[in-house]
Amino acid sequence: GNYNLVIIYNDKALAIDPKNVGALTGKGNVLSNLGNHTESIAYYDKALAIDPKNVGALTGKKQSLADKQ
């Protein structure tokens with residue numbers, strides 16, 4: 001429920017490793033839950049550029065695209 005805290009932790013993980021797929025997907029999930037679908041899709045795309053078959057990023061992107069419309 002504390003989205004700001006989750007964003008902070010994901011940002012810290014990404015500062016250490018910008019290619020952390022879990023943190024990229026996690027931040028995408030939080031942004032999607034906050035209704036910021038354009039930014040969430042950008043994070044999912046970054047994760048998918050690293051791991052194109054990542055189920056979490058694929059599912060999150062699909063949901064954000066649907067919610068955005």
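Mentor: Start with contact: it means heavy atoms within 4.5 Å. Keep in mind that this model is predicted.

Trainee: What makes α2 largely enclosed by the rest of the structure?

Mentor: Count its buried residues. Buried means under 20% relative accessible area. In α2, 10 of the 13 residues are buried, so the helix is largely enclosed. Among them are V21, A23 and L24. The buried set also includes T25, K27 and S32.

Trainee: How do you know that the span of α2 agrees with its 13 residues?

Mentor: The expected span is 1.5 Å times one less than the number of residues. For α2 that gives 18 Å, and its end C-alpha atoms are 18 Å apart, so the two agree.

Trainee: How does α1 compare with the span expected at 1.5 Å a residue?

Mentor: α1 has 14 residues. From first C-alpha to last it reaches 20 Å, close to the 20 Å expected.

Trainee: Which residues of α1 are buried?

Mentor: I7, N10 and L14. Seen down the helix axis, the buried residues of α1 fall within an arc of 70 degrees, so they line one face. They pack against α2 and α3.

Trainee: Which residues on the other side of α1 are exposed?

Mentor: Y9, K12, A15 and I16. Exposed takes over 50% relative accessible area.

Trainee: Why is L14 called buried?

Mentor: The cut-off is under 20%. L14 has a relative accessible area of 13%, so it counts as buried. L14 lies in α1. Leaving aside neighbours within four places in sequence, L14 is in contact with N20, A23, L24 and Y43. The C-alpha atom of L14 is separated by 16 Å from that of Y3, 11 residues apart along the chain.

Trainee: What makes up the largest nonpolar core?

Mentor: It has 12 residues, including I7, L14, L24, V30, Y43, Y44 and A57. The helices α1 (3-16), α2 (21-33) and α3 (37-50) each supply at least two residues of this core. α2 gives the most, with five. Membership needs a buried residue of a listed kind, joined through side-chain atoms within 4.5 Å.

Trainee: Why is H37 called buried?

Mentor: H37 has 12% relative accessibility, so it counts as buried. The limit is 20%. H37 is found in α3. Beyond four places in sequence, H37 touches S32, S64, D67 and K68.

Trainee: What sits over the ring of Y43?

Mentor: The charged end of K46, 4.7 Å from the ring centre. The distance limit is 6 Å, and the charge must also be within 35 degrees of the ring normal.

Notes. Residues numbered from 1 in each chain as written. Predicted model: local features only at pLDDT ≥ 70, side-chain atom pairs only at ≥ 80, totals over all residues. Heavy atoms only, no water. Buried < 20%, exposed > 50% of the residue type's maximum accessible area, 1.4 Å probe, protein only. Helix = DSSP H or I, 4+ residues; strand = E, 2+ residues; numbered from the N terminus. Arc of directions from axis to C-beta.
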